[in-house]
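Here is a walk through one protein model, from the overall fold to the metal site. Please keep the sequence and the 3D view at hand.

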Amino acid sequence: VAPKSATGPPGPPNLEEVSPGLYSYVQPDGSWCLNNTGLLVGGGRAVVVDSCATEARSRAFLDRLRRVTELPVTTVVNTHHHGDHTFGNFVFEGATVIGHHRCRAEAIEAGLLMKRVFPEVDFGDVRVEPPFVTFEDRLSLWVGDLEVELRHLGPAHTDNDVVAWVPERRVLFAGDIVFNGGTPFLLMGSLAGSLAALDALESLGPAVVVPGHGPVCGPEVFEPLRRYLRLVGELAEQAEAAGYGPLEAARQADLGEFAGWSDPERLVANLHRARSELRGEEPARPLDQAAIWAEMVELNGGQPLRCWA
Ligand SMILES: [Zn+2]
């Protein structure tokens with residue numbers, strides 16, 4: 001059993017109506033595997049944005065949304081392939097699962113890998129149910145008369161990031177391009193692409209941002225994320241110039257204003273990504289994941305990565 005933080009287990013998830021018929025479902029504390037999801041109700045149907053990591057958490061989301069609507073959940077939108085956003089797709093029986101073309105491929109390739117990364121978590125009977133309606137750049141989904149633009153950006157957090165943008169309400173479901181209070185994670189994405197994606201999201205002019213992890217926020221969330229990413233880039237450049245690797249760079253790094261963000265051990269993965277891009281490799285190029293997960297554990301004082309899922 002992994003050692004748990006001294007702060008104790010986080011509080012229960014919260015479903016909140018952020019605009020009429022549009023809900024955020026936030027799972028504190030937003031650290032490893034504790035993602036947010038969305039619910040959009042209208043036109044005689046319900047649409048969800050992402051599922052949860054475990055069977056129990058996904059069924060709890062379904063139970064909770066049943067307290068605000070009896071309408072059938074006809075559609076699941078996946079913001080990217082990671083298991084914390086997709087493993088629970090199967091609880092929405094009969095729903096159409098929509099995602100980026102690469103989301104399907106990556107979900108199938110990764111399989112249930114996350115169960116091995118977090119062996120102490122009881123995932124339940126999760127299975128891979130990837131998107132079976134896929135798109136490349138943009139797709140409009142109509143929730144009654146309300147247009148929900150599904151837009152692919154990146155590579156940023158992964159190579160298959162999709163946000164759900166509701167222009168009429170200025171509500172943005174940002175997926176893991178946006179962490180609020182948690183450390184961004186670029187192991188499977190891109191540093192330069194993440195910076196560009198944050199600029200693109202800000203230029204949409206959202207009033208409400210539902211991040212992939214952490215509390216619901218507004219556009220003030222973007223700039224600190226950009227500052228963190230620029231710091232990662234600078235640390236990677238310094239390390240390259242001095243001839244040491246990402247783990248050493250991460251050990252020496254002063255995280256400053258970002259030291260309080262959850263899961264700081266992601267820094268070493270982010271530095272691997274930054275180094276890859278400094279060397280001119282293409283964004284989202286596969287890195288040695290097993291080795292980098294091991295370095296995150298090392299940076300975490302040799303302790304397994306804390307996961308409350
Ligand atoms: Zn993710």
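A contact means heavy atoms within 4.5 Å. In the protein chain, 66% of the contacts with a separation of 6 or more are between residues 24 or more positions apart. This is a predicted model, in which local features need pLDDT of at least 70 and side-chain atom pairs count only at pLDDT 80 or more, while totals for chains, interfaces and linings use all residues. Residues are numbered from 1 along each chain as its sequence is written, and side-chain values use heavy atoms, with hydrogens and water left out.

The protein chain has nine helices and twelve strands, these being DSSP runs (H or I, at least four residues, for helices; E, at least two, for strands) numbered from the N terminus. Of its 309 residues, 55% are buried, that is, under 20% relative accessible area with a 1.4 Å probe, protein chains only. Along the principal axes, the C-alpha atoms fill a box of roughly 60 × 45 × 35 Å.

The zinc ion has four protein donors, His80 (NE2), His82 (ND1), His157 (NE2) and Asp176 (OD), which lie 2.2 Å from it. Donors are N, O and S atoms within 2.8 Å of the metal (3.2 Å for Na, K and Ca); water is not among the atoms, so sites may look incomplete. The spacing of the donor residues in sequence is H-x1-H-x74-H-x18-D. His80, in the loop between β5 (73–77) and α2 (83–86), and Asp176, in strand β11 (residues 171–179), are 96 residues apart, and the pair links distant parts of the chain. Both His80 and Asp176 are buried.

Technical notes:
Buried means under 20% relative accessible area, exposed over 50%, partly exposed in between (1.4 Å probe, protein chains only).
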